[in-house]
Amino acid sequence: MKTIDDLDVSGRRVFVRADLNVPLDGGTITDDGRIRAALPTITRLAEAGAKVIVASHLGRPKGSPDPRFSLAPVAGRLGELLGQDVAFASDTVGESAASTVAALAGGQVAVLENLRFNAGETSKDDAERAAFADRLAALADLYVGDGFGAVHRRHASVHDLPARLPHAAGELIATEVGVLRRLTDDVSRPYAVVLGGAKVSDKLGVIEHLLERADRILIGGGMAYTFLKAQGHEVGSSLLQEDQIPAVQGYLKRAEERGVEFVLPVDVVAAAEFPDLGAKTATDPVIVAADAIPAELMGLDIGPRSRELYAARLADAATVFWNGPMGVFEHPDYAEGTRTVAQALTDSSAFTVVGGGDSAAAVRILGFDEKAFGHISTGGGASLEYLEGKTLPGLAALED
Ligand code: ADP
Ligand code: MG
């Protein structure tokens, strides 16, 4: 994959496909993390004298302009973070975009309006996407792909546009791909994978792919109960995906054949009801053995003996990938399992990676310093698809 170093950008129009899909409350950005993550590439290009054209999607508008999803606030915040004026085009491939780009001098930055205001961006019809990509290509001389959170989408600006311009990967994509390689092809061992979250079915592909690569797989969260049931234990009213039991039994068998250690909870924190996450009032949890969950209780977190076990199985790892909370961390009575895993990762000298939107949020909500982790991925969906072994359209497009 080429990088910015391979492009001669000075004085040229460079289209940067970023992921500036930030959460908005009205017109106010509530978390500017994704804008910050795009800064290294934009700064680098501007300092090298490029005319920088930044484009992104935001939210899910229906293929036509919708002011609720305007990138105007993002352009404003980007200007503040860069400490320089950022121009804003009020369309994507219309007159405003053309004149805004024409007015750019080397070192200046412009943001285009939301790419999804044009139906061609997300169209399943190749010709419709191609037509939009042609018009985007006319705005620029070079393409830099840096929207890691969108690389698993076969969208015009991600997949079709790079085929039309000399292209390279930006800093963020180069970093994320470098991390993913260290979790798949170029792994330091022992390699431990911690998977949790609500549903096994969301993570089946990841389990299958990492089963061939990891030394240990620790399972927590709601998906643990399908594993416990697959081993013949009753799980009360815990989250259960009956239809996944055969697949899970297959994984347990494969793991045994390959000498991969599966670590399941030995005890769980359970309650009669799912907690009220809004009120966060104290509940009445009990600790029960994982092979003796009473019929009327549901498991909502891994228990204290499991926490000790998981911390111990992480302590000597050289690589750890973590996706999915160990329990219903949104409620303080069920956050200890997730806290223990986060603590084990921050205490560890291993290369530690957190993937997944809720896991990354849990790390922040529980008060951990994000810098204490090796890497927190900016693209949950994209990194999971990579770890499933899938070809990502936005990375494939940058390959050749
Ligand atoms: P990520 O976004 O990190 O990939 P998921 O979306 O798969 O994670 O799962 C996160 C959700 O799983 C959280 O909202 C959490 O409350 C829920 N969860 C964790 N453990 C349980 C459990 N035992 N029962 C029900 N839900 C759970
Ligand atoms: Mg999630």
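Is Ala292 buried, partly exposed or exposed? In this predicted model, Ala292 counts as partly exposed because its relative accessibility is 46%, which falls between the limits of 20% for buried and 50% for exposed. Ala292 sits in the loop that runs between strand 13 (286-289) and strand 14 (298-302). Its C-alpha atom is separated by 30 Å from that of Ala317, although the two residues are 25 residues apart along the chain.

Turning to the rings, a search of the whole structure finds three aromatic pairs. One of them is formed by Phe15 and Tyr143, which are stacked, with 6.0 Å centre to centre and 10° between the planes. This pair links distant parts of the chain, since Phe15 belongs to strand 1 (residues 13-17) and Tyr143 to strand 7 (residues 142-145), 128 residues apart. Phe15 is buried, with a relative accessible area of 0%, and Tyr143 is buried as well, at 2%.

Another aromatic pair, Phe368 and Phe373, is edge-to-face, with 6.5 Å centre to centre and 75° between the planes. Phe368 counts as buried because its relative accessible area is 15%, under the limit of 20%, and Phe373 is likewise buried at 5% relative accessibility.

The two pairs described here are set out below.

| Pair | Centre to centre | Angle between planes | Geometry |
|---|---|---|---|
| Phe15 and Tyr143 | 6.0 Å | 10° | stacked |
| Phe368 and Phe373 | 6.5 Å | 75° | edge-to-face |

A ring contact of another kind involves a charged side chain: Arg182 lies over the face of Phe351, at 3.6 Å from the ring centre.

Technical notes. Residues numbered from 1 in each chain as written. Chains lettered and ligands numbered in written order. Predicted model: local features only at pLDDT ≥ 70, side-chain atom pairs only at ≥ 80, totals over all residues. Heavy atoms only, no water. Phe/Tyr/Trp six-rings, centres within 6.5 Å; stacked < 30°, edge-to-face > 60°. Helix = DSSP H or I, 4+ residues; strand = E, 2+ residues; numbered from the N terminus. Buried < 20%, exposed > 50% of the residue type's maximum accessible area, 1.4 Å probe, protein only. Lys NZ or Arg CZ within 6 Å of the ring centre and 35° of its normal.
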